[in-house]
Amino acid sequence: MDNIAFIGGGNMARSLIGGLVPGRVAAASLHVAEPVDALRDALARDFGVHVSPDNATAARAADTWVLGVKPQVLREVCEALSPIAQGSRPLIVSIAAGITTAQLDRWLGGRMAIVRAMPNTPALVGAGVTGLFANARVHAQQRERTQHLLNAAGRTVWIDDEARMDAVTAVSGSGPAYVFLLAEAMQAAGEAEGLSPDAARVLAYQTILGAGRMLCESDVDAAELRRRVTSPNGTTHAAVQSFEADGFRALVQRAVHAAAVRGKELSDAND
Ligand SMILES: NC(=O)C1=CN([C@@H]2O[C@H](COP(=O)(O)OP(=O)(O)OC[C@H]3O[C@@H](n4cnc5c(N)ncnc54)[C@H](O)[C@@H]3O)[C@@H](O)[C@H]2O)C=CC1
Ligand SMILES: O=C(O)[C@@H]1CCC=N1
């Protein structure tokens with residue numbers, strides 16, 4: 001069949017669909033279940049995919065299901081779909097933060113092939129990255145299918161130990177927000193130094209774009225790129241020293257740890 005059902009057509013599902021439709025898969029092979037009328041209509045209009053307010057309708061039409069609902073409603077959604085899952089044995093791809101493959105397997109009735117995926121919002125512009133973990137029932141061809149699906153959003157990284165998926169969520173799933181926070185702070189700091197809001201915004205945002213491209217396109221690491229900007233006793237040196245003295249690295253480590261802990265809590269709270 002090779003059809004894909006998206007259960008939940010919110011932000012993340014829309015980003016993935018937007019990456020899949022121009023060229024990678026036929027729009028007619030995508031079926032989206034989404035309760036909000038306006039979101040459903042927009043998906044049909046923008047991408048030409050099949051839409052339905054009913055999860056079972058989409059699920060019946062596909063042999064791969066992408067679970068794109070919030071962790072808080074995932075159990076209820078899976079339990080309602082378990083009779084169909086047990087009958088047709090689709091490949092399950094869940095993007096829900098914190099929810100384990102064992103929980104999904106239990107809610108879907110058992111013996112399911114499940115990939116837990118953690119994408120991020122730069123998927124919207126094809127520059128996302130997704131961490132992937134497959135349970136033991138996922139065979140090689142299903143791994144390839146999942147990778148093809150998520151490569152529509154950018155790069156993919158397979159993780160061997162599911163316990164580390166909370167770390168993936170904490171680094172790259174939530175990570176775009178850390179960079180956006182940095183952008184906000186850099187703009188505000190520029191304004192505090194006397195720049196107009198417009199000038200400060202363009203300077204901060206474009207700097208982050210340029211630095212991001214250098215990180216991904218050059219063959220040296222972040223530390224070396226940083227050294228190359230830093231003239232002896234110059235302006236960058238003054239700023240980096242200030243960051244280090246204020247405990248920047250420890251600050252980032254604590255924030256990432258807080259996100260990872262929250263991932264684990266989501267799993268426990270929604271079991
Ligand atoms: N936003 C992000 O950066 C990332 C989010 N995620 C995960 O993706 C999932 C979705 O997140 P978003 O797209 O940001 O949220 P969202 O709220 O935009 O999307 C969820 C969608 O599910 C729909 N929905 C609610 N109840 C439903 C039901 N019973 N059946 C079918 N659909 C239902 C909602 O109407 C909504 O459109 C979450 O589990 C989140 O943990 C994963 C990676 C990154
Ligand atoms: O904040 C969240 O819980 C989701 C998961 C990763 C990004 N957004």
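In helix α1, the residues M12, A13, R14, S15, L16, I17, G19 and L20 are buried, where buried means that 20 or more other C-beta atoms, placed from the backbone, lie within 10 Å of a residue's own, exposed means 12 or fewer, and partly exposed falls in between. Helices (H or I, at least four residues) and strands (E, at least two) are DSSP runs, numbered from the N terminus. Because eight of the 10 residues of α1 (residues 11–20) are buried, this helix is largely enclosed by the rest of the structure. Its buried residues pack against β1 (4–7), β2 (30–33), α2 (37–47), β4 (64–67) and α6 (140–151). The structure is a predicted model, in which local features need pLDDT of at least 70 and side-chain atom pairs count only at pLDDT 80 or more, while totals for chains, interfaces and linings use all residues. Residues are numbered from 1 along each chain as its sequence is written, and chains are lettered from A and ligands numbered from 1 in the order in which they are written.

Taken as a whole, the protein has 12 helices and eight strands, and its C-alpha trace spans about 70 × 40 × 35 Å along the principal axes. Of its 271 residues, 33% are buried. Contacts are counted when two C-beta atoms, placed from the backbone, lie within 7 Å; among those with a separation of 6 or more, 67% join residues 24 or more positions apart.

UniProt, in an unreviewed entry, lists residues 4–98 as "domain: Pyrroline-5-carboxylate reductase catalytic N-terminal". UniProt positions follow the numbering used here, feature names are shortened, and annotations may be inferred rather than shown by experiment. This span is 47% helix and 20% strand, with its end C-alpha atoms 23 Å apart. Residues 162–266 are 82% helix and 0% strand, and their end C-alpha atoms are 15 Å apart.

The same record places a "binding site" feature at I7, G8, G9, G10, N11 and M12. Within this stretch, G9 sits in the loop between β1 and α1 and is buried, with 25 other C-beta atoms within 10 Å. Beyond its neighbours within four places in sequence, G9 is in contact with R14, V32, E34, L39, R40 and L43. N11 belongs to helix α1 and is partly exposed, having 13 other C-beta atoms within 10 Å.

Ligand 1 has 26 residues around it, of which G8, G10, M12, A96 and A97 come nearest; a residue is near if its C-beta atom, placed from the backbone, lies within 6 Å. Helices α1 and α4 each supply at least two residues of this shell, and α4 gives the most, with three.

Helix α4 (residues 71–88) has 18 residues and reaches 24 Å from first C-alpha to last, close to the 26 Å expected at 1.5 Å a residue, the expected span being 1.5 Å times one less than the number of residues. A kink of about 55° lies at S82, shortly before the proline P83; the bend is the angle between axes fitted to the seven residues ending there and the seven starting there. L74, V77, C78, L81 and A85 are the buried residues of α4, and they pack against β1, α3 (55–60), β4 and α5 (101–107).
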